Amino acid sequence: MQLDAMTGEMAGEDTLSRALRPAAVDFARLSREHGPMLQIVRLLIGVVPNCDPVLAIWPAGFRTYNLLVPNLLNLPFSVWGFGPPVATLGLALCAASRTAGCAYCTAHTCSFTLRRGAAPEKLAGLLSPAEKAAVSVAEALAAIPCAVTADHRAELARHYSPMDAERIALAVSMMGFLNKFMDAVGIDLEADAVEEVSPVLRPLGWTPGKHRVDLTTPEEPELHARPGGRDTLATKLSILRYLPAALRLDRAWTRGVPSRWPAVGVYLQAHTGHDFPVLAHVRSRRAVRAIATVLRDNLTAADSPLGLCAKALCGLVYASVVGNESLAREARALAVHLSPSVDATTLDSVARFAVEPAGDDDLARSLPGLTAETAVALLLAKAISPSPADVPAPLVTRVSETLSPEAQVELVVWVAVQQMLHRLGSFVNG
């Protein structure tokens, strides 16, 4: 139960994040293994996010996060002025996060935007026509169901080149991943982040909500919060110190993955059983390679404690909840490919379960051919698919008793990947 929205103090393990704390990877280890990436994020938003130790419970989830964020946000080049104005990108990210109901991401994107030079009144809605076009698209893509229209796209195209319009859509799609994971898991907010953004966000009605404010400070001095304020030349140059190591790791993760259609479709068909045609519409080679790597890694059987068939069914639950028929067809095809014993009756039952009212626990357990673990996974997928997510404490307990920490993180990461694909597909296929 939440006790105090101002301090974020909570009682009990009422979020997945708090239930997962014993399995979380400590910051000291993360700093040793991935220090450059952590430092780049600290330079961008002032803190090393509390999500990192939770994502690292399932290594493929940590890779997913560290592939999608820099590549779809075109970091660090966007910060150096390549592409649409970076402050405008920040406004779009913050608008998407507010629409999705993720207080954690709203705080971090507010910090990102202020540090890139946006005036506080911009976050309150005093926007130029070009900024308004980007923010309107972000809000429409983040709505459930998706509300983006031809008029949104046309207005965006009036103010931005095709490549810059795509970069805005890619950034908002990436934010779909972050919005879903942080909100569904209920990651605790860093006190320094709350202190920085509260003067701007609290007048707009923002509170930490389910995200308890974490008053602890990492023991490692290099991970301490960086003071707020607009970027300086020194800030931008500081990124160069850590960039080579981060790029080497990115290249190692993506080695051998194509970056253009149709080669990437052929590669994914061979490695996952599906070609993910949404990538045919993406110009950014960097984004294509990163998304393809994420899909390959998330659909590698040896790295899946949850099980790929259960994962595909969880994707079907998400697609059904948000009303994305194309994504639902992909989930069905993946489920059949990964487990030929899954028949149309099971798939239809899962899709019905996803959209039926709450209180259908018995239905989840009685779906034909499913294990108890898969049934609990489907319950969690249904709870986290709306925006914002609603994972009641009894379900947190049940999930913790049934699924390993690695499987829990894997499930939420996969649903978050589905939200990224949902937003991207809704933009490029309209």
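1. Let's start with the salt bridges. In this predicted model, the count comes to 13 salt bridges. A few of them are worth a look while you have the structure open.

2. Take Arg115, which pairs up with Glu196; their closest N and O atoms sit 3.0 Å apart. Arg115 belongs to helix 6 (residues 103-115) and Glu196 to helix 11 (residues 191-201), so this pair ties together parts that are 81 residues apart in sequence. Are the two partners buried or exposed? Arg115 has a relative accessibility of 1%, so this residue counts as buried. Glu196 comes out at 22%, so that one counts as partly exposed.

3. Now move along to Arg116, which makes a salt bridge with Asp231, with 2.6 Å between the closest N and O atoms. Where do these two residues lie? Arg116 is in the loop between helix 6 and helix 7 (120-123), while Asp231 is in the loop between strand 2 (213-214) and helix 12 (233-254), so the bridge ties together parts that are 115 residues apart in sequence. Both Arg116 and Asp231 are buried.

4. Next, find Lys122 and Glu131, whose side chains meet in a salt bridge at 2.9 Å, N to O. Lys122 is partly exposed, with 23% relative accessibility. Glu131 has a relative accessible area of 14%, and because buried means under 20%, Glu131 counts as buried.

5. Finally, which residues are linked in a network of salt bridges? Look for Asp14, Arg18, Asp188 and Arg212: these four are linked in one.

Technical notes. Residues numbered from 1 in each chain as written. Predicted model: local features only at pLDDT ≥ 70, side-chain atom pairs only at ≥ 80, totals over all residues. Heavy atoms only, no water. Helix = DSSP H or I, 4+ residues; strand = E, 2+ residues; numbered from the N terminus. Buried < 20%, exposed > 50% of the residue type's maximum accessible area, 1.4 Å probe, protein only.
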